[in-house]
Amino acid sequence: MFHSMLVARPPADAAVPSPRALARSSARRPGLTPLWAALAAACVLAFAGTEARAATTAWDEAVQGDLSNDWRNPAEVTLAYGENLISGATGRAAPAGTGVIDRDYLSFTVLPGQTVTAITVLAGTQSDTVSYPVSFVGLIAGDQGVDPATTPTSTLAAQLMGYHLYGPADVGSDILATMSSGTAFTGAPYNQPAAQGFSLPLGEGTYTLWMQETVVGQFDYRFSVTVVPEPASAVLALAGLGLLSRRLRRGTAPR
Ligand SMILES: [Ca+2]
């Protein structure tokens with residue numbers, strides 16, 4: 001089991017002035033005390049995380065190797081602010097029905113002040129085209145998956161925060177929203193029972209994603225996991241910017 005915490009990298013964008021530089025320039029302006037300069041710096045830091053920025057490759061099986069097949073020991077994946085790309089393949093070796101299944105398990109940690117707002121299916125995602133054109137992805141609370149041998153299926157599903165049977169039809173869609181409902185999947189003969197359901201966005205904590213396909217073959221999946229500052233942080237930053245703006249217009253220092 002891996003227990004080290006994941007650290008989201010702070011944003012580093014040359015277009016954003018550093019807090020120190022902002023404090024220096026602000027200090028030269030009449031009516032702006034170091035207190036307000038510090039507030040401005042905090043606002044810059046808070047909003048830097050909300051800017052659109054290049055996607056980060058969180059895990060690419062073509063580079064980092066097969067994601068863990070062991071539900072007890074998911075691969076640890078570090079998420080950065082912004083879009084995090086996760087790509088791999090899951091499937092089953094021949095013969096059909098008895099070949100080994102390549103399951104993929106990964107865990108990630110959402111740090112304080114962060115939320116995950118979306119898991120989007122990206123182009124290049126494939127699934128079985130012979131039977132039902134979907135593969136499975138489940139979300140579990142904590143740093144372990146769920147024993148796939150758990151029966152009955154309703155007992156297994158009840159241990160999942162949510163799940164979705166994804167496929168090419170989901171490309172461009174946010175499946176985190178779908179998973180959050182926890183509702184049963186209906187698509188005979190693959191009807192599945194209900195999961196727990198959860199609130200969005202996904203807040204602080206450690207979670208595990210479980211991907212698998214049970215038909216023979218290897219099927220690529222590509223997901224984007226989006227991490228942003230939690231709403232409370234953004235509201236505080238907005239309030240701070242509003243106060244600072246009014247003070248600057250008046251040219252007054254805080255009392
Ligand atoms: Ca695997």
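Because the model is predicted, local features need pLDDT of at least 70 and side-chain atom pairs count only at pLDDT 80 or more, whereas totals for chains, interfaces and linings use all residues. Residues are numbered from 1 along each chain as its sequence is written.

**The chain as a whole**
- The chain contains six helices and ten strands; these are DSSP runs numbered from the N terminus, with helices being H or I of at least four residues and strands being E of at least two.
- Of its 255 residues, 31% count as buried, meaning that 20 or more other C-beta atoms, placed from the backbone, lie within 10 Å of the residue's own.
- Among contacts between residues at least 6 apart in sequence, 79% join residues at least 24 apart; a contact requires C-beta atoms, placed from the backbone, to lie within 7 Å.

**The sheet**
- An open sheet of mixed pairing is formed by five strands in the order β2-β5-β9-β7-β8, where strands pair if DSSP finds at least two bridges between them.
- The edges are β2 (75-76) and β8 (162-166); each has a single partner strand, so one side of each is left without a neighbour in the sheet.
- Seven bridges join β5 (residues 104-110) and β9 (residues 205-212) in the antiparallel sense.
- F108 stands opposite Y207 in β9.

**Residue T150**
- T150 is located in the loop between β7 (135-141) and α4 (153-157).
- T150 counts as partly exposed because it has 14 C-beta neighbours inside 10 Å; this class lies between buried and exposed, the latter being 12 or fewer.
- Leaving aside neighbours within four places in sequence, T150 is in contact with T155 and L156.

Notes. Contact = placed C-beta atoms within 7 Å.
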